[in-house]
There are 2 protein chains.
Amino acid sequence: MPLPPIAPLDDDLERHLVATREATIEQLLELVRMPSVSALPQHAADMVRTAEWLAGQLRWRGAEDVEVVKTALHPIVTGRIHKTPGAPTVIVYCHYDVQPVDPLDLWESAPFEPFVRDGRMVGRGTSDDKGQIVMHLAAIEALQACRGELPVNLTFVFEGEEEFGSQSLYTWIDSARDRLAADVAVISDTGFFEGNRPMLTIGLRGIMYAQIDVVGSAVDLHSGGFGGVVENPANALATIIAALKGPDGRVRIPGFYDEVRPLTDAEREAMAALPFDEEAYRKELGVPALVGEQGFSVLERRGARPTLDIHGLWGGFQGEGSKTIIPAHVHAKISCRLVPDQDPATTFARLRDHVQEIAPPGVTVTVVEHHGGMPSVTPIDHPATQAAARALKGTFGVDPLFSREGGSIPVASAFDHTLGLPVVLLGFSQPNSGAHAPNEWLELANLDGGIRTIIRFWDELAASSR
Amino acid sequence: MPLPPIAPLDDDLERHLVATREATIEQLLELVRMPSVSALPQHAADMVRTAEWLAGQLRWRGAEDVEVVKTALHPIVTGRIHKTPGAPTVIVYCHYDVQPVDPLDLWESAPFEPFVRDGRMVGRGTSDDKGQIVMHLAAIEALQACRGELPVNLTFVFEGEEEFGSQSLYTWIDSARDRLAADVAVISDTGFFEGNRPMLTIGLRGIMYAQIDVVGSAVDLHSGGFGGVVENPANALATIIAALKGPDGRVRIPGFYDEVRPLTDAEREAMAALPFDEEAYRKELGVPALVGEQGFSVLERRGARPTLDIHGLWGGFQGEGSKTIIPAHVHAKISCRLVPDQDPATTFARLRDHVQEIAPPGVTVTVVEHHGGMPSVTPIDHPATQAAARALKGTFGVDPLFSREGGSIPVASAFDHTLGLPVVLLGFSQPNSGAHAPNEWLELANLDGGIRTIIRFWDELAASSR
């Protein structure tokens with residue numbers, strides 16, 4: 001099912017957007033060409049360059065107090081356009097960092113040499129999240145060109161560590177409460193429902209990310225001479241990982257579910273009502289079966305239940321052919337997606353303690369925390385959420401769906417808990433964008449619809465505050 | 001405990017060996033410099049070069065019918081010195097291929113730039129098995145120089161796939177029965193007991209080597225968007241591996257132990273009588289505890305019981321930092337060491353079937369066989385074994401120990417079963433040689449003692465046949 005037809009804005013704005021469409025696409029291509037991979041130290045300079053580029057874009061649009069904020073890791077770009085006295089103030093949050101690109105050999109083209117074909121742009125970050133940055137920039141430019149002013153006051157927060165735990169942003173938000181005074185925070189880093197149906201995300205999972213290291217002897221041992229005598233770190237790691245989740249799909253870390261808020265009947269009914277074709281979804285993923293925690297639907301498991309997943313395994317001989325060693329050390333990256341009211345610190349401590357508890361003798365096991373983010377849920381009936389819903393309906397002609405989604409945007413809970421702001425998750429990627437995979441892409445219709453929805457949203461917010 | 005003092009040979013031979021010692025060491029350095037890694041296709045030319053070098057060495061010593069036999073993979077070097085009518089004919093087997101060198105960063109020097117320091121030579125293949133080739137070459141040269149002839153007739157079999165399953169050798173042996181007619185086969189690819197005590201190996205484990213591949217979706221998936229909905233191939237692989245062995249150290253593949261010949265009381269008593277310090281052994285390995293199958297001693301587990309070990313694990317994100325994917329595919333290298341009367345084909349079939357049986361739904365699992373080798377046991381009381389024991393005692397002044405060792409030399413069973421020859425495992429590496437690990441080394445005293453023992457062994461064989 002394609003995206004519903006996009007309703008045009010009033011004449012001037014629509015003409016402007018049509019006339020500048022190529023330039024907007026070119027701007028996104030330019031932004032995607034910057035390899036701003038936050039997880040890899042070799043891209044530190046690219047991060048700074050991308051941040052400076054964004055600051056320039058804000059200044060060019062007349063933003064004040066524009067700053068590329070230095071942090072312990074990657075810079076935050078902030079600034080404000082506060083030129084509409086009496087109008088509500090909106091924090092606009094996006095992130096300019098992207099996921100690593102490996103496995104590179106599965107990309108059909110270079111990840112940072114984006115191109116447009118068949119109405120799509122392909123490249124790392126097109127959907128997650130650079131396309132959404134460009135939607136906001138284009139919306140501002142159109143309003144300034146056609147009306148000379150914005151209906152709301154905007155405060156920009158573009159961070160560079162979303163794919164890496166947002167640690168610097170937490171610290172900065174805490175220290176920048178004054179300049180972040182606002183009425184609502186809008187996070188544009190989500191997408192539409194299966195079939196590209198317009199959707200508002202009303203819940204996000206949190207995350208606890210860690211690494212497990214298993215070490216045996218100081219060097220690899222000959223498996224002939226030592227097999228049967230020493231614990232094999234690879235076998236030990238497998239034993240540990242296998243024990244963390246049962247065949248029923250439930251995580252077996254003691255206490256893991258203690259703080260999980262049960263789904264209400266109303267929430268379960270709302271999820272069951274979403275137009276979701278399990279078999280089509282399975283086929284699109286190309287897996288023999290959908291699996292997971294017993295007793296919950298696919299959408300519940302994806303959006304409203306916690307998980308435990310291994311992201312990578314490595315150790316020992318990985319080449320062609322055979323080598324008969326007992327590897328000296330092996331490793332796994334692991335995370336748990338969290339739901340209200342779990343928190344990453346408690347979950348990490350429970351994981352670490354349990355892994356130590358079940359670790360077989362004969363090896364040394366350590367568990368190191370990488371990053372964490374709180375889960376969050378926003379109420380459907382908040383006026384800002386309702387303004388976003390009206391904006392989506394205005395653009396696409398249909399009521400948006402409301403869904404709890406499985407991803408994590410750690411900053412959502414910071415805006416909520418630290419700044420006490422209502423959070424609206426207004427994002428525009430089509431589903432299956434390959435956000436963390438090869439050949440990430442953005443449907444250009446979603447870019448077009450996103451810009452128009454953002455303009456309508458600001459108008460709706462301004463109207464609802466009068 | 002150092003190697004016992006080496007008793008000199010008669011004057012001429014001893015003088016010759018002392019005078020040519022530097023040249024012998026230089027010859028081993030030259031051989032080790034050739035990176036003959038059989039498992040890695042990029043070393044195919046190095047394999048041929050090494051084989052040609054060996055053929056040249058045999059020709060230079062007057063060998064006849066020298067041939068670098070082309071095979072499906074790496075060449076076999078053969079040839080003969082049959083100039084002593086009436087004397088027994090001995091097959092001399094060594095292998096010129098070596099293990100891969102990774103992890104390269106743990107080598108203190110380049111693996112193929114060997115050097116001598118503190119009475120040791122360090123480099124890939126010094127112990128396994130190039131040093132033992134050079135011992136034979138030096139023994140031949142000394143006898144020819146001092147006596148003009150050898151006490152026995154020698155047929156050489158130097159193969160290039162010992163670390164890769166010996167597949168080509170099996171085929172060739174079967175087709176070369178005529179030219180391999182002999183009285184005994186001597187395999188020099190083993191070593192001494194803990195403490196560098198002279199030892200004869202009287203049993204070897206076999207091996208079954210395979211790879212397990214677990215595939216989920218066609219591409220990596222975002223663990224936020226899909227975690228809890230699809231089976232994670234890494235978690236699935238861990239579950240499979242964990243189920244293959246119990247906490248009691250026993251392999252849980254149905255039927256795995258069916259053909260295992262129980263140890264006799266006499267065998268267990270002989271093993272218990274070996275001078276073995278478990279705690280010193282544990283400390284040298286640097287592991288917190290020795291573990292393994294319950295109900296068996298360390299030496300029994302190492303030499304006379306089957307195993308299951310993972311040699312390498314890989315898949316998904318292995319870089320610094322964090323990436324939140326569900327990997328599309330993950331892999332493991334796995335082998336079982338086998339004891340009489342297990343065989344690799346049956347063991348592979350059982351592994352494959354069991355893995356398919358326990359594979360969780362939602363992923364596709366395949367098990368591919370890499371190579372296999374039969375286990376073998378040789379009798380202590382065979383005249384050839386006794387000749388080797390006298391030779392070791394003549395050189396080192398002590399009765400050798402007899403032990404069943406954990407490694408696999410697949411060709412041992414081919415000489416035994418295909419050619420019907422008694423097999424003597426007369427090897428000279430010091431223990432803990434790092435044979436399959438970084439910084440492999442050879443104690444030069446073992447090189448010296450090995451050459452003298454080989455000369456004495458040939459004399460003993462000749463004498464015992466008269």
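Visitor: Is A:Ser166 buried or exposed?

Guide: In this predicted model, A:Ser166 has 29 other C-beta atoms within 10 Å. The cut-off for buried is 20 or more, so A:Ser166 counts as buried.

Visitor: Where is A:Ser166 in the chain?

Guide: A:Ser166 sits in the loop between β6 (153-159) and α5 (167-175) of chain A.

Visitor: What about the phi of A:Ser166?

Guide: The phi of A:Ser166 is positive, about 60°, although the residue is not a glycine. Most residues other than glycine have a negative phi.

Visitor: And what is phi at A:Asn196?

Guide: For A:Asn196, phi is near 60°, again a positive value in a residue other than glycine. A:Asn196 belongs to the loop between β7 (184-187) and β8 (199-204) of chain A. A:Asn196 is buried too, with 21 other C-beta atoms within 10 Å.

Visitor: Peptide bonds now. Which bond at A:Pro103 is cis?

Guide: The bond from A:Asp102 to A:Pro103 is cis, and its omega is near 5°. A:Pro103 lies in the loop between β3 (89-95) and β4 (115-117) of chain A.

Visitor: Which residues does the cis bond in chain B join?

Guide: That bond joins B:Pro340 and B:Asp341, with omega about 5°. B:Asp341 is in the loop between β13 (329-338) and α11 (344-358) of chain B. For context, most peptide bonds are trans.

Visitor: New topic. At what angle do α12 and α14 of chain A pack?

Guide: Helix α12 (residues 383-396) and helix α14 (residues 444-465) of chain A pack at about 135°, with their axes 8 Å apart. The two helices are therefore oblique to each other, and their crossing is right-handed.

Visitor: Which residues meet there?

Guide: Among them are A:Ala384, A:Ala388 and A:Leu392 in α12(A), and A:Gly449, A:Phe457 and A:Leu461 in α14(A). The residues of this contact divide into 9 nonpolar, 5 polar and 4 charged.

Visitor: How many residues does each chain put into the contact between the chains?

Guide: Chain B gives 84 residues and chain A gives 83. On the side of chain B that touches chain A, β11(B) supplies the largest share, 8 residues. That side of chain B divides into 36 nonpolar, 35 polar and 13 charged residues.

Visitor: In which sense does β11(B) pair with β11 of chain A, parallel or antiparallel?

Guide: Strand β11 (residues 309-316) of chain A pairs with β11(B) in the antiparallel sense, over 5 bridges. In one of these strands, β11(B), B:Leu313 is the bridge partner of A:Gly315.

Technical notes. Residues are numbered from 1 along each chain as its sequence is written. Chains are lettered from A and ligands numbered from 1 in the order in which they are written. This is a predicted model: local features need pLDDT of at least 70, side-chain atom pairs count only at pLDDT 80 or more; totals for chains, interfaces and linings use all residues. Helices (H or I, at least four residues) and strands (E, at least two) are DSSP runs, numbered from the N terminus. A residue is buried if 20 or more other C-beta atoms lie within 10 Å of its own, exposed if 12 or fewer, and partly exposed in between; C-beta atoms are placed from the backbone. Axes are lines fitted to C-alpha atoms, for helices over the stretch in contact, and angles run from 0 to 180 degrees between N-to-C directions. Angles under 35 degrees count as roughly parallel, over 145 as roughly antiparallel, 65 to 115 as roughly perpendicular and the rest as oblique. A crossing is left-handed if the near helix is turned anticlockwise from the far one by less than a right angle, and right-handed if clockwise. Two residues are in contact if their C-beta atoms, placed from the backbone, lie within 7 Å. Ala, Val, Leu, Ile, Met, Phe, Trp, Tyr, Cys and Pro count as nonpolar, Asp, Glu, Lys and Arg as charged, and the others, Gly among them, as polar. Two strands pair if DSSP finds at least two bridges between them.
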